[in-house]
Amino acid sequence: GAKTVIFGCPEGYSMFREVYANRFGPLEFELVHITQFLAEALPESDLSFKAENARTVTFQDPCRLGRRSGIYEAPRDLICRVDKIELSEMEHNRENSVCCGTTGWMQCSSCSKRMQIQRLEEAEAAGAKTIVTACPKCQIHLTCAQKNTDHDIEIIDLATFLTDHLIK
């Protein structure tokens, strides 16, 4: 009987939106990704966000959230709601964003690992100390790639990022 289903994972959102709807026909509930929901709900709320110290972050566009579902601005709008946080775009962003290097939870190949390292380098070139993403796969794969390297950059989920900066 749900009227709306909110997805935290772009993969699940994409599956329901495309595959399930194509296979089973029109769904009887609205599909919303958490970034869309929060981008609409937060301006109406009295919640505010502030970082303890000023810092620069960048956003990793998840493939299935961005290129597959066309959701680019909601995550950026949410990041920009946090006082003292500057959003700096990587060279490849939005529809030109680079994948995290692995899809379908497959084992990383040397090619995937190189893509991930290049993505970390792009984030650092943007001046970011943090990569914010809205996909658990991006977070896992970029964090994995960072191990045994000199890349020192935080990789965090957008919902966690917002929660960490919520003014209580």
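Colleague: What makes strand 5 and strand 6 a pair?

Modeller: Two strands pair if DSSP finds at least two bridges between them; strand 5 (residues 130–133) and strand 6 (residues 154–157) share four bridges in the parallel sense, so they pair. In strand 6, Ile156 is the bridge partner of Val132. Strands here are DSSP runs (E, at least two residues), as helices are (H or I, at least four), numbered from the N terminus. The model is predicted: local features need pLDDT of at least 70, side-chain atom pairs count only at pLDDT 80 or more, and totals for chains, interfaces and linings use all residues. Residues are numbered from 1 along each chain as its sequence is written, and side-chain values use heavy atoms, without hydrogens and water.

Colleague: Why is the crossover from strand 5 to strand 6 called right-handed?

Modeller: The term applies if, with the strands pointing away from the viewer, the path from the first strand over the helix to the second runs clockwise. The chain passes from strand 5 through helix 5 (residues 136–146) to strand 6, and this β-α-β crossover is right-handed.

Colleague: How do you know that strand 3 and strand 4 pair?

Modeller: Five bridges join strand 3 (residues 49–60) to strand 4 (residues 82–87), and at least two are required, therefore the strands pair. They run parallel, and Val57 stands opposite Leu87 in strand 4.

Colleague: What makes strand 4 and strand 6 edge strands?

Modeller: The open sheet of four strands has the order 4-3-5-6, with parallel pairing. Strand 4 and strand 6 each pair on one side only.
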